[in-house]
Amino acid sequence: MSTVKRLVVVVLFDGVDLLDVTGPPEVFALLQREVDEATGYQVVLAAETMDPVTTSAGVRVLPDTTLQEVSTRRIDTLLVPGAVEVDSRRRVRALTDPAVVAWVRTLAGRARRVASVCVGAHLLAEAGLLEGKRATTHWSTAAQLAAAHPSIEVDADPIFIRDDNVWTGAGISACLDLSLALVADDFGEPVALRVARQLVMYLKRPGGQSQFSVPLEPVSTTRRVEDLRHYVTRNITAPLTVADLATQAHVSERQLTRIFKTELGMTPAAYLESARVEVARHHLESTDETLDRLASSCGFQTTDTLIRAFRRRLDTTPTEYRNRFRHSREGGGGRGDRTPPPAVRTADPTGPVTGCPVPLHGDDAQERRGER
């Protein structure tokens, strides 16, 4: 008797991003190491013909079957990767082949759930599968998606979004996060976390986590800065200052600032704040700590400083971030009662913090009073 319970179809076409194609099957394959029973997953790569497909990386991939053949079968999960072109000014534009769009529309009608990987969201949009839904894509093409499809609520920030039976993921390595979320949906969070460990991932990121975060910043090229970054991580609850970091590195504050700008493209003060915000985000996602306690445990010292840092770094408040994450975790990422996300964000995630601290007012003041 067949053990295939979950047919996973990956749509294959010329120019497709290679990792979008190979990443998800690796997650489903590693899952089998973590469970005793058969997972039931069968992953097939489907293209218009059985001819080799050339990916964006130049690597040729052989389809397992044709799109016509799988259109007659019951599909559990339809995975739609994407493709882009980059012009002479390094501007990125997502590509949508009408023939591929037509097949996606057809196959979606046979699938229990549909998921786009990276800029594959543009194919889902062209197929009409994202109308009236909230969706994400790679930050570099989010503005393009929003402009072409005003009825779609495009949020360029999360790693992935689930809206009913349609999932959209950011890119490119976020295909692993999306695939782990699909595994968690089928087998539970503990199993998905074990698969994440097999992948040697830094952590299994929640859908609400931003595409722009401290672990994604450029790795420094000198041992001195790497040691300082680890020192900040180990002492994040302490009231660290730039002077403290300079002393730790045995350099002057001016020299330290010069080193950080060269290595990380930001000042030491900006890095300290971004590191604290990153820790605070994880606390907001996993605990019920009040803002007073959270500020202290993340090195901000005061709630006002915490709120202002969130405003500067994420264009939101801690409470808005917590509500948004809780909805994604507990409400399945759909469209129900939730805090509206911020506008499409395409700013450089590694740039320095600019501007001066602003007076606490409006929502910030209300948040400070309400969560102490």
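**A buried loop residue and the packing beyond**

Mentor: C118 is buried, because its relative accessible area is 2%, and the cut-off for buried is under 20%. Keep in mind that this is a predicted model. C118 sits in the loop that links β9 (111-116) to α4 (121-126). Its backbone deserves a look. Phi of C118 is near 55°, a positive value, and the residue is not a glycine.

Q301 is not a glycine either, and its phi is positive, about 75°. Q301 also lies in a loop, between α12 (291-297) and α13 (303-314). Its relative accessibility is 45%, so Q301 counts as partly exposed. C118, in contrast, is buried.

Now the interior. In soluble globular proteins, nonpolar side chains tend to be buried together. Here, the largest nonpolar core holds 73 residues. V9, V11, L12, L31, L78, L124 and L130 have the most contacts inside that core. Helix α6 supplies the largest share of this core, 10 residues. Take V9 as an example. Leaving out residues up to four places away in sequence, V9 touches V44, A46, V70, I75, T77, L78 and L79. There is also a second, separate core of 20 residues. V225, L228, V251 and A275 are among its members.

L31 leads on to helix α1, where L31 is one of the buried residues. What covers them? The cover for the buried residues of α1 includes strands β1 (6-11), β2 (41-47) and β6 (75-80). It also includes helices α6 (174-187) and α7 (189-198). Helix α1 covers residues 18-34, 17 residues in all, so at 1.5 Å a residue it should span 24 Å. Its end C-alpha atoms are 26 Å apart, which agrees.

Two packed helices are described by the angle between their axes and the distance between the axes. For α8 (residues 223-234) and α9 (residues 242-249), the angle is about 130° and the axes are 10 Å apart. That angle makes α8 oblique to α9. The crossing of the two helices is right-handed. On the α8 side, R224, L228, Y231 and V232 make the contact. On the α9 side, L245, Q248 and A249 make it.

Technical notes: Residues are numbered from 1 along each chain as its sequence is written. This is a predicted model: local features need pLDDT of at least 70, side-chain atom pairs count only at pLDDT 80 or more; totals for chains, interfaces and linings use all residues. Side-chain values use heavy atoms; hydrogens and water are left out. Helices (H or I, at least four residues) and strands (E, at least two) are DSSP runs, numbered from the N terminus. The expected span of a helix is 1.5 Å times one less than its number of residues. Buried means under 20% relative accessible area, exposed over 50%, partly exposed in between (1.4 Å probe, protein chains only). Contact means heavy atoms within 4.5 Å. A nonpolar core is a set of buried Ala, Val, Leu, Ile, Met, Phe, Trp, Tyr and Cys residues joined through side-chain atoms within 4.5 Å. Axes are lines fitted to C-alpha atoms, for helices over the stretch in contact, and angles run from 0 to 180 degrees between N-to-C directions. Angles under 35 degrees count as roughly parallel, over 145 as roughly antiparallel, 65 to 115 as roughly perpendicular and the rest as oblique. A crossing is left-handed if the near helix is turned anticlockwise from the far one by less than a right angle, and right-handed if clockwise.
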